[in-house]
Amino acid sequence: MSVSDAALVLFSGGQDSTVCLAWALERFARVETVGFDYRQRHAVELMVRPRIRERLPAIAERWAPRLGDDHLIRIDALADISETALTRDVAIEISASGLPTTFVPGRNLIFLSFAGALAYRRGIRHLVAGMCETDFSGYPDCRDDTIKAMQVALTLGLDRRLTIHTPLMWIDKAGTFALAQSIGGEQLIDLLLAETHTCYFGDREHRHDWGFGCGECPACRLRAEGFAKWKAAS
Ligand code: ZN
């Protein structure tokens with residue numbers, strides 16, 4: 001990896017992908033972003049993306065010339081084949097399989113495939129994504145082995161070396177806050193709390209010390225617990 005390389009960040013507008021974007025801006029000469037619109041219930045994520053991209057360059061001067069184009073890819077077919085809480089109006093609860101009903105089967109495989117194709121077209125050899133194995137939910141498509149298998153599949157299928165970076169793979173939410181502070185200090189923490197979105201219900205009305213959200217859904221609880229743990233340790 002050299003500083004002249006470009007990277008494509010899978011950027012949803014959530015806390016994790018925003019930290020990944022800052023991580024990439026610190027390392028790559030050109031950083032582009034891609035978001036996916038699959039009629040998700042928490043579409044507010046997509047709305048906060050431009051604002052986050054707008055504010056990031058103010059945190060570190062060197063980031064401004066590196067932040068490149070943003071891409072939004074619509075994947076209606078993903079919504080069509082999903083019977084889950086993110087795309088259908090059903091209660092968010094743990095299903096019999098032990099996975100949250102927010103789980104869209106293989107979603108990250110589909111995202112990475114689209115991102116790989118886009119990266120190829122843009123002459124980019126590095127993907128950066130916020131998958132995390134320490135996450136509470138145990139999504140199988142977030143596992144390190146899954147991501148490594150996708151890296152091999154994309155590299156072979158595109159006939160071009162593609163590296164998938166997952167800076168959050170082995171850290172928890174408290175670790176994500178700590179990483180954010182080490183990259184962008186208090187300014188990045190403030191940006192995460194004020195602008196990023198995680199809540200499954202798209203709640204932007206209730207502001208807590210850890211940011212906006214309903215405070216009740218699994219994503220809000222995870223973020224609140226991570227913030228409290230990080231605060232207690234710092
Ligand atoms: Zn919530």
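Helices and strands in these notes are DSSP runs, numbered from the N terminus. I am working from a predicted model, so every value below is computed from it.

**Entry 1: the overall layout.** I started by listing the elements, and found seven helices and seven strands in the protein. Reading from the N terminus on, I noted the order β-α-β-α-β-α-α-β-α-β-α-β-β-α. Next I looked at burial: of the 234 residues, 54% are buried. For the accessible surface I got about 10,600 Å², with 53% of it belonging to carbon and sulfur atoms. I also checked contacts with a separation of 6 or more, and 67% of them join residues 24 or more positions apart.

**Entry 2: Thr 166.** I looked up where Thr 166 sits, and it is in the loop between strand S5 (163–165) and helix H6 (173–195). Is Thr 166 buried or exposed? Its relative accessibility is 16%, so I put it down as buried, the cut-off being under 20%. Setting aside neighbours within four places in sequence, I found Thr 166 in contact with Ala 129, Met 131, Asp 144 and Ile 147.

**Entry 3: the zinc ion.** Which protein atoms are the donors here? I found the SG atoms of Cys 199, Cys 214, Cys 217 and Cys 220, lying 2.3 to 2.4 Å from the zinc ion. Along the chain, I wrote their spacing as C-x14-C-x2-C-x2-C. I then checked the angles that the four donor atoms subtend around the zinc ion; they run from 105 to 117 degrees, so the arrangement is tetrahedral.

Definitions and conventions: Residues are numbered from 1 along each chain as its sequence is written. This is a predicted model: local features need pLDDT of at least 70, side-chain atom pairs count only at pLDDT 80 or more; totals for chains, interfaces and linings use all residues. Side-chain values use heavy atoms; hydrogens and water are left out. Helices (H or I, at least four residues) and strands (E, at least two) are DSSP runs, numbered from the N terminus. Buried means under 20% relative accessible area, exposed over 50%, partly exposed in between (1.4 Å probe, protein chains only). Contact means heavy atoms within 4.5 Å. Accessible areas come from the Shrake-Rupley method with a 1.4 Å probe; for residues, only the protein chains shown count as cover. Donors are N, O and S atoms within 2.8 Å of the metal (3.2 Å for Na, K and Ca); water is not among the atoms, so sites may look incomplete. Four donors count as tetrahedral if all angles lie between 85 and 135 degrees; four count as square planar and six as octahedral if opposite donors are over 155 degrees apart and all others between 65 and 115; anything else is irregular.
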